[in-house]
Amino acid sequence: MKKKLVLKVFIIILLLILVKEAVQAQTGSIRGRVFNEKNNEPLPFTNLIIDGTNIGSTSDLDGNFLFTGLQPGFVRLRVSAVGFEDKVTEEFMVTNARTANIDIAMRERQTELEEVVIEASQFQRREESPVSLRRLGISEIERSPGSNRDISKVIQSLPGVAFTPAFRNDVIIRGGGPNENRFFLDGVEIPNLNHFATQGASGGPVGIINVDFIREVEMYSSAFPANRGNALSSIFEFRQVRGDSERFNFRGTVGASDLALTLDGPLSENTTMIFSARRSYLQFIFGVIGLPFLPTYNDFQFKTDTRLNDRSELTLIGIGALDQFRLNLDANETEDQRFILDFLPVSEQWNYTMGAVYRRFRDNGFDRFVVSRNMLRNFSYKHLENDESKRRTFDYESDEIENKFRYERTSQLGAWRLMAGGGGEYAKYLNDTYREIFFNNEPSVIEYDSFLELYKWSLFGQVTRGFYNDRLTFSFGLRTDANNYSSNMANPLNQLSPRISGSYQLRENLSVSASTGRFFQLPSYTTLGFRDNGGVLRNKENNLKFISVDHYVTGFEYLPTRQTQITLEGFYKNYRNYPFSVIDSVAIGSKSTDFGIFGDEEVTSTSRGRSYGAELLYREQRFKGLNIILSYTFVRSEFDDIRSGDFIPSAWDSRHIVNLTASKKLPRNWDIGAKWRFSGGAPYTPFDLELSQRVEAWDAQRLGYLDYRRFNSNRLPAFHQLDLRIDKQYFFNNFSLMFYLDIQNVYNFQSELPPNLLRETDETGNPLPAEDGRYQLKELRNTTGTILPSIGIMFEF
């Protein structure tokens with residue numbers, strides 16, 4: 001009894017001390033450098049003000065500046081220098097535990113100073129991409145309700161981005177499939193954004209990127225810069241923070257599903273680093289609650305920045321993951337559990353990307369050299385009745401290896417901004433596949449070994465100029481890609497990719513913009529390397545081509561205040577040469593993807609498709625006030641039907657998407673946020689019951705067969721979800737402690753998924769025997785949705 005009393009008194013005293021110290025400790029600092037983005041020259045006597053306050057500083061002769069004695073929290077800087085455009089930085093976190101470091105690149109004015117009266121806005125645009133470019137700052141990423149610090153979930157809140165209720169992070173933008181996107185980390189392409197990634201697409205349940213590294217995200221849903229290729233729907237640019245140049249810092253994060261450790265600091269006088277490692281404990285949680293599968297994921301990430309001299313910089317990055325997925329054979333008590341165990345394979349996947357970015361500055365521009373290597377290994381297998389003593393009905397192992405080089409030269413010639421360059425790539429694809437199927441009314445086997453070497457090359461250029469004191473801007477880009485896969489793909493004229501965009505400022509706070517372009521994407525390696533049982537590259541024989549899409553976008557942007565943005569955009573995308581599934585007689589881009597592999601089948605480049613719609617965005621960002629992001633997207637996504645010649649909905653035809661996110665900073669370092677999402681129901685294809693009942697057919701894949709004669713003829717109900725998040729921070733003299741409570745699906749909405757088809761069972765749960773060569777099957781309603789609270793703890797010192 002006395003021991004319990006002493007313990008309670010000790011805890012109370014400790015809490016009082018911590019609260020007192022947290023209230024008194026207001027010693028945050030910011031250190032940084034201001035420079036000319038064209039040539040990296042320092043900008044002395046630059047004025048910097050913390051947005052929303054009167055606290056200011058001025059850069060020294062070397063462009064360096066320092067703020068001290070700051071109140072901890074998220075801040076942004078307003079920056080101005082004579083002869084340069086005013087700038088508002090992205091948000092970043094100030095704490096007492098470490099000095100915040102930020103480098104600020106400034107752009108020279110191309111107009112006379114007295115003619116410029118426009119105040120800098122935090123909603124800045126790029127002349128090359130005046131439409132369809134969205135940004136997210138670190139505070140929006142860190143505290144996005146329902147995202148649990150997962151960057152792959154955060155980007156689903158952006159306008160035009162659809163979301164699904166099936167616990168996946170598929171990136172579905174303006175009606176395009178999840179295989180149509182590309183991701184860059186500090187200029188280095190990373191093929192995989194998620195753990196347990198769908199090979200050939202971009203989906204997966206958990207993001208790989210550690211949010212501790214990210215300072216800003218940009219999403220291009222059209223008007224892609226010419227130095228970014230091989231994408232049809234979007235380009236994502238993830239920009240990372242730099243390590244502390246003064247001392248080492250440590251951050252630990254305990255989340256709902258993983259533990260993360262991050263270390264950053266100086267390696268030498270001119271080099272900083274940041275490194276992290278994460279490991280999940282989902283397998284323990286899933287085992288306790290009785291799920292029939294046990295996933296485990298691990299990842300690492302690092303970055304170093306070296307300032308070689310005043311004219312050159314070198315950045316090294318790395319990111320990788322190891323994912324293991326095994327079955328929990330003890331969880332077999334319910335129909336759902338047995339159904340999942342019956343078809344789900346055991347799998348393991350690992351991947352990594354390593355890259356180096358070297359920048360050399362000149363008087364009127366800079367050169368950028370990028371080299372990288374990435375690899376994915378994916379293997380999976382399934383034993384009959386999950387008995388390892390019985391034969392394997394599915395056995396798959398595949399490697400994707402890419403070695404890349406890219407050169408870009410950027411120059412400023414008066415009012416003209418020029419960018420040109422090229423790239424080369426050597427890629428290898430290996431595949432060893434054994435899969436039992438049912439085709440042409442008889443059991444069959446797909447069995448092949450595939451080895452593919454590809455040499456790819458690209459050339460690109462872009463020119464941008466402003467007119468009439470930059471009220472009117474134009475940008476024109478041209479790109480081509482080619483490779484040695486076939487004579488068609490080797491001809492760069494077949495992949496000529498022009499793009500043009502323009503913007504006109506009607507008033508100081510109102511502009512109209514438009515963009516059009518033709519973009520190309522290489523089909524996935526799983527499609528390129530598919531062979532028939534005779535070892536022939538079947539899709540090469542079918543004259544497989546680059547997929548192409550034409551984008552047409554126009555829109556308005558209105559900035560009623562410095563903190564408010566309203567945009568309206570209309571878009572139309574016209575697809576050609578999309579891979580068409582020979583087995584299923586539909587475009588593979590219109591089919592829904594799942595975990596595992598996508599695109600490993602015979603196809604022809606004969607499908608056409610289209611998506612079109614409009615986006616409305618309202619955004620309010622106030623310093624220490626209410627922040628709101630409200631977006632509505634209307635989208636139609638369709639592909640042609642070979643039977644009727646008409647267009648039919650794709651799996652991504654959700655039609656109506658609404659996202660509302662609101663957050664408010666409260667006194668005493670409390671923050672609260674909420675996100676409500678609505679999506680129209682997606683179409684789906686009903687089962688072919690007659691085919692599925694056949695013993696040979698069912699035994700081949702242990703799943704029902706879809707009736708592609710009625711492709712996407714059914715539609716799910718609409719679904720919606722409310723997520724809440726509460727954050728609390730304690731800032732002490734030498735360390736910081738942060739907590740969050742994240743609650744997904746607050747009102748427990750049950751979302752409908754396509755029904756499952758499974759065998760009838762007897763009273764003991766055993767499947768009924770076949771009669772006349774047919775199993776007895778039944779459809780089982782498939783819903784998802786539960787209140788999902790999670791708590792996170794972050795500590796930093």
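Visitor: In which loop is the place of serine 585?
Guide: Serine 585 sits in the loop between strand S33 (564–581) and strand S34 (603–620). This is a predicted model, in which local features need pLDDT of at least 70 and side-chain atom pairs count only at pLDDT 80 or more, while totals for chains, interfaces and linings use all residues. Residues are numbered from 1 along each chain as its sequence is written, and side-chain values use heavy atoms, with hydrogens and water left out.

Visitor: Why is serine 585 called partly exposed?
Guide: Buried means under 20% relative accessible area, exposed means over 50%, and partly exposed is in between (1.4 Å probe, protein chains only). Serine 585 has 22%, so it falls in the middle class. Its phi is positive, about 60°, although serine 585 is not a glycine.

Visitor: What is the class of valine 582, and how do you know?
Guide: Valine 582 has 34% relative accessibility and therefore counts as partly exposed. Valine 582 is also in the loop between S33 and S34. Its C-alpha atom is separated by 17 Å from that of glycine 645, 63 residues apart along the chain.

Visitor: Is asparagine 669 buried or exposed, and what value decides it?
Guide: Asparagine 669 has a relative accessible area of 17%, which is under 20%, so the residue is buried. It lies in the loop between strand S37 (655–666) and strand S38 (670–679). Phi of asparagine 669 is near 65°, a positive value in a residue other than glycine.

Visitor: What makes the approach of glutamate 408 to arginine 228 a polar contact?
Guide: A polar contact is a pair of N or O atoms within 3.5 Å; within protein, one must be able to donate a hydrogen and the other to accept it, and residues adjacent in sequence count only if both atoms are side-chain atoms. The side chains of glutamate 408 and arginine 228 are paired at 3.4 Å, so the distance passes. Glutamate 408 also has a side-chain polar contact with arginine 406, at 2.6 Å.

Visitor: Which polar atom pair involves aspartate 688?
Guide: A polar atom of the aspartate 688 side chain lies 3.2 Å from the backbone nitrogen of leucine 691. Aspartate 688 is in the loop between strand S39 (683–684) and helix H9 (689–693), and with 14% relative accessible area it is buried.

Visitor: How do you know that glutamate 127 and arginine 107 form a salt bridge?
Guide: A salt bridge is a side-chain nitrogen of Lys or Arg within 4 Å of a carboxyl oxygen of Asp or Glu. The N to O distance in this pair is 2.9 Å, so the pair qualifies. Both residues lie in the loop between strand S9 (99–106) and strand S10 (133–137), so the bridge ties together parts that are 20 residues apart in sequence.

Visitor: Which parts does the salt bridge of arginine 619 and glutamate 140 tie together, and why?
Guide: Their side chains meet at 2.7 Å, N to O. Arginine 619 is in strand S34 and glutamate 140 in helix H2 (residues 138–142), so the parts joined are 479 residues apart in sequence. Arginine 619 and glutamate 140 are both buried.

Visitor: Why do arginine 392 and aspartate 395 count as partly exposed?
Guide: Arginine 392 has 31% relative accessibility and aspartate 395 has 30%, so each falls between 20% and 50%. The two form a salt bridge, with the closest N and O atoms 3.3 Å apart. Elsewhere, salt bridges that share partners join Asp103, Asp186, Arg242, Lys303, Asp305, Glu313 and Arg359 into one network.

Visitor: How many salt bridges does the structure hold?
Guide: The structure holds 73 salt bridges.

Visitor: What makes up the negative surface patch?
Guide: Glu397, Asp432, Glu447 and Asp449 form it. Patch residues have over 30% relative accessible area and no salt bridge, and like charges are joined within 9 Å. Glutamate 447, in strand S28 (residues 442–467), has 48%, so it passes the area cut-off.

Definitions and conventions: Patch = residues over 30% accessible without salt bridge, like charges linked within 9 Å, V, L, I, M, F, W, Y side chains within 5 Å. Areas by Shrake-Rupley, 256 points an atom, 1.4 Å probe, with all protein chains shown as cover. Lys, Arg positive; Asp, Glu negative; His and termini not counted. Charge placed at Lys NZ, Arg CZ, Asp CG, Glu CD. Helix = DSSP H or I, 4+ residues; strand = E, 2+ residues; numbered from the N terminus.
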